[in-house]
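Here is a short report on a two-chain model.

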Protein chains: 2
Amino acid sequence: MAELLRLYSYWRSSAAYRVRIGLNLKGLSYDLIPVHLVRDGGQQHHDEYAQLNPQHLVPTLMHGGRVMRQSLAILEYLDESWPERPLLPASARDRARVRALSQLVGSDIHPLNNLRVLRFFEEEWMVPAVERDAWVRHWIVEGFRAMETLLADDLVTGTYCHGEAPGMADACLVPQVYNARRFGVDMSAYPTIARIEQACLQLPAFRQASPEQQPDAPQAEPARA
Amino acid sequence: MAELLRLYSYWRSSAAYRVRIGLNLKGLSYDLIPVHLVRDGGQQHHDEYAQLNPQHLVPTLMHGGRVMRQSLAILEYLDESWPERPLLPASARDRARVRALSQLVGSDIHPLNNLRVLRFFEEEWMVPAVERDAWVRHWIVEGFRAMETLLADDLVTGTYCHGEAPGMADACLVPQVYNARRFGVDMSAYPTIARIEQACLQLPAFRQASPEQQPDAPQAEPARA
């Protein structure tokens, strides 16, 4: 397992953010290769990257010569390859719960709101920005309403989505809350989600994975002299 | 494991179709409870079902008293609970491949095209049917183009998506091809996908899971006397 880990990432991609969290939770070091989704016509469409990821999406993880795609598949790979500090609980029942929470975000919120979809609305249907933003909020609200119920009504929910150790569902939730705040979703309607997010953000694994901490994030405005 | 399996399903839901395939591949018998997504204002919104599935989506699987949601999480649960006739291969690397193919469909094609999204376009944005159908085809084509490349360029692809036994990726692919045909996608551009679909449809596990075989499917027109 001494082979190099290399993550193709974009600072604001929430799918890449999930994998950064997972790598950090495992304590794995990795090289980060930024793929700028906007600059140069979108570097994800350039031949070199498209060969690795024919979907033209981030993230892609390379482990030695192996190429892995799809953030949740990558998190499962990390868990199977480095079983310490597990991202999934032990029993089939609990694993199904954590995977379902993860997929609620990864299948039913995020794919509806990512860059390629918002671009389609802008370029093909000329949907105004205000309506695109309302679309984004609509699916976050739909998903978070269900997720809040699932988390709040279950004794297995602890400091984190599942008990007292952060895992896959938290790695999906925190980037989605980041997006929710960015698009102005009122998080006071989701107290359990907000509480878990705050607990996660206490941890260096989450903080160091955050968009603003990435080498490809735009530089903050310098403080005035 | 003698506890009853009960699947809440809708005949034409491709997420439910995946789970029906998985149950059949495992040789597990189950009770099927139809949830009609259109009739009665959508039975998925009725209190009794929404208690089981706060997302108001199908499928939901009950195993004894346990409630499982999200089709791919359910397929993983089946594989962990009944390891015979595995839906995933053995090595972490191969599992990552099959999960990525499954999520390509389950995250990046299907959620963009399901009933609640098409309804949003119709009811909120008044998008004409012809444009809604073009949207559906757009995301299928985007996804299938990548999937065809991933399948055609890999020696691990066999009769099925991964080698010589059908599994999770096939359970995702076949329902998506069903949708593609329904919306008029030209499958001749995806010869590997089409070949695998045909191989799957030779198997009773897939044929018996098909929408038209479901008890809640509309009756075919009777043949003329």
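## Core, contact and local detail

The largest nonpolar core has 114 residues, and the members that touch the most others are Ile74(A), Leu173(A), Ile74(B) and Leu173(B). The model is predicted. In soluble globular proteins, nonpolar side chains tend to be buried together. Neighbours within four places in sequence aside, Leu173(B) contacts Val105(B), Cys161(B), Ile193(B), Ile196(B) and Glu197(B).

Next, the contact between the chains. Chain B brings 30 residues to the contact, and chain A brings 30 residues. On the chain B side, β4 (66–69), α3 (71–81), α4 (92–108), α5 (110–113) and α7 (129–152) each supply at least two residues. The most comes from α4(B), with 11 residues. By class, the chain B side that touches chain A divides as follows.

| Class | Residues on the chain B side |
|---|---|
| Nonpolar | 15 residues |
| Polar | seven residues |

How are the copies related? Chain B superposes on chain A by a rotation of 180° with 0.0 Å of shift along the axis, at an RMSD of 0.0 Å. That is the relation of a two-fold axis. Within chain B, Ser107(B) has the C-alpha nearest the axis, 2.2 Å from it. Both copies use the same surface: 100% of the contact residues of chain B recur in chain A.

Now helix α1 of chain A. It covers residues 14–26, and at 1.5 Å a residue its 13 residues should span 18 Å. The end C-alpha atoms of this helix are 19 Å apart, which agrees. Is α1(A) mostly covered or mostly open? It is mostly covered, with 12 of its 13 residues buried. Among them are Tyr17(A), Val19(A), Ile21(A), Leu23(A) and Leu25(A). Charged names are on the buried list too, including Arg18(A), Arg20(A) and Lys26(A). The buried residues of α1(A) pack against β1 (5–9), β3 (60–63), α3 (71–81), α5 (110–113), α8 (168–182) and α10 (204–207) of chain A. After α1(A) comes Gly27(A), with a positive phi near 70°.

Last, a loop residue. Val185(B) sits in the loop between α8 (168–182) and α9 (191–201) of chain B. Is Val185(B) buried or partly exposed? Val185(B) is partly exposed, because 19 other C-beta atoms lie within 10 Å, while a buried residue needs 20 or more. Residues up to four places away in sequence not counted, Val185(B) touches Arg137(B), Ile140(B), Val141(B) and Ala180(B). Met62(B) is 123 residues from Val185(B) in sequence, and their C-alpha atoms are 35 Å apart in space.

Notes
Residues are numbered from 1 along each chain as its sequence is written. Chains are lettered from A and ligands numbered from 1 in the order in which they are written. This is a predicted model: local features need pLDDT of at least 70, side-chain atom pairs count only at pLDDT 80 or more; totals for chains, interfaces and linings use all residues. Helices (H or I, at least four residues) and strands (E, at least two) are DSSP runs, numbered from the N terminus. Two residues are in contact if their C-beta atoms, placed from the backbone, lie within 7 Å. A nonpolar core is a set of buried Ala, Val, Leu, Ile, Met, Phe, Trp, Tyr and Cys residues joined through C-beta atoms within 7 Å. Copies are superposed by least squares on the C-alpha atoms of residues with pLDDT of at least 70 in both. The expected span of a helix is 1.5 Å times one less than its number of residues.
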